[in-house]
Amino acid sequence: MSAQPDHAPVTPYAPAPGAPAELLAQLRADRRADTWVPAFEREWAAALEESRRTFSLAPLYEVVQVWQGRLASAPAVDAFVASGYDDSSFIDMAELRGRRR
């Protein structure tokens, strides 16, 4: 029998120290820079305030992780949009919820 716990604690995602600056440079180089850079900066500022208030880096880590995901998925989204796929038959869940009221 081992004295080790049965489960491994979840290690929070911690980006490299330069990750926010690298991410901002990638956002500025993207064709969506006009909208993405201000949005990132707003989210970063809000996360920074939350971090100051809570003494936690988690909000900053989350902003970096979310924006890294957005950048990583952007080519797939662009390819989907360019494919001309007809998504007009999708189910609008918000509309369905509105009908039930």
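**Figure 1. H1 passes H3 in a left-handed crossing.** In this predicted model, the axes of the two helices come within 11 Å and cross at roughly 35°. H1 contributes Ala19, Pro20, Leu23, Gln26 and Leu27 to the contact. H3 contributes Val64, Trp67, Gln68 and Leu71. By type, the residues of this contact divide into 7 nonpolar and 2 polar. No charged residue takes part in the contact of H1 with H3.

**Figure 2. The overall fold is built from helices.** The protein has 4 helices and 0 strands. Along the sequence, the pattern reads α-α-α-α. The protein has 101 residues, and buried residues make up 22% of them. Consider the contacts between residues at least 6 apart in sequence: 55% of these join residues at least 24 apart.

Figure 3. Which residues does Leu23 touch, not counting residues up to four places away in sequence? They are Phe40, Val64, Trp67, Gln68 and Leu71. Of these partners, Val64, Trp67, Gln68 and Leu71 belong to the H3 side of the contact with H1. Leu23 and Gln68 are 45 residues apart along the chain. Their C-alpha atoms are separated by 7.1 Å.

**Figure 4. Leu27 is also found in helix H1.** Its relative accessibility is 0%, so Leu27 counts as buried. Neighbours within four places in sequence are left aside here. Leu27 is then in contact with Ala33, Trp36, Val37, Phe40, Trp67 and Leu71. Trp67 and Leu71 are among the H3 residues that make the contact with H1. From Leu27 to Trp67, the C-alpha to C-alpha distance is 8.9 Å. In sequence, Leu27 and Trp67 are 40 residues apart.

**Figure 5. Pro20 lies in helix H1.** Is Pro20 buried or exposed? Pro20 is buried, because its relative accessible area of 18% is under the 20% cut-off. Not counting residues up to four places away in sequence, Pro20 touches Phe40, Trp44 and Val64. Val64 is one of the H3 residues in the contact with H1. Pro20 and Trp44 are 24 residues apart in sequence. In space, they are 9.0 Å apart, C-alpha to C-alpha.

**Figure 6. Helix H3 covers residues 58–82.** H3 has 25 residues, and at 1.5 Å a residue these should span 36 Å. The end C-alpha atoms of H3 are 36 Å apart, which agrees. Where does H3 kink? A kink of about 40° lies at Ser73, shortly before the proline Pro75. Just after H3 comes Gly84, which takes a positive phi of about 75°.

Figure 7. In H3, Pro59, Leu60, Val63, Val64, Trp67, Leu71 and Ala74 are buried. An α-helix has 3.6 residues a turn, so residues three or four places apart point the same way.

**Figure 8. Phe55 sits in the loop between H2 and H3.** Phi of Phe55 is near 60°. This is a positive value in a residue other than glycine. Most residues other than glycine have a negative phi. Why does Phe55 count as exposed? Its relative accessible area is 80%, and exposed means over 50%, so Phe55 counts as exposed.

Key. Residues numbered from 1 in each chain as written. Predicted model: local features only at pLDDT ≥ 70, side-chain atom pairs only at ≥ 80, totals over all residues. Heavy atoms only, no water. Expected span 1.5 Å × (residues − 1). Bend = angle between axes of the 7 residues up to and from the residue. Buried < 20%, exposed > 50% of the residue type's maximum accessible area, 1.4 Å probe, protein only. Axes fitted to C-alpha atoms, helices over the stretch in contact; angles between N-to-C directions. Left-handed = near helix turned anticlockwise from the far one by under 90°. Contact = heavy atoms within 4.5 Å. Nonpolar A, V, L, I, M, F, W, Y, C, P; charged D, E, K, R; others polar.
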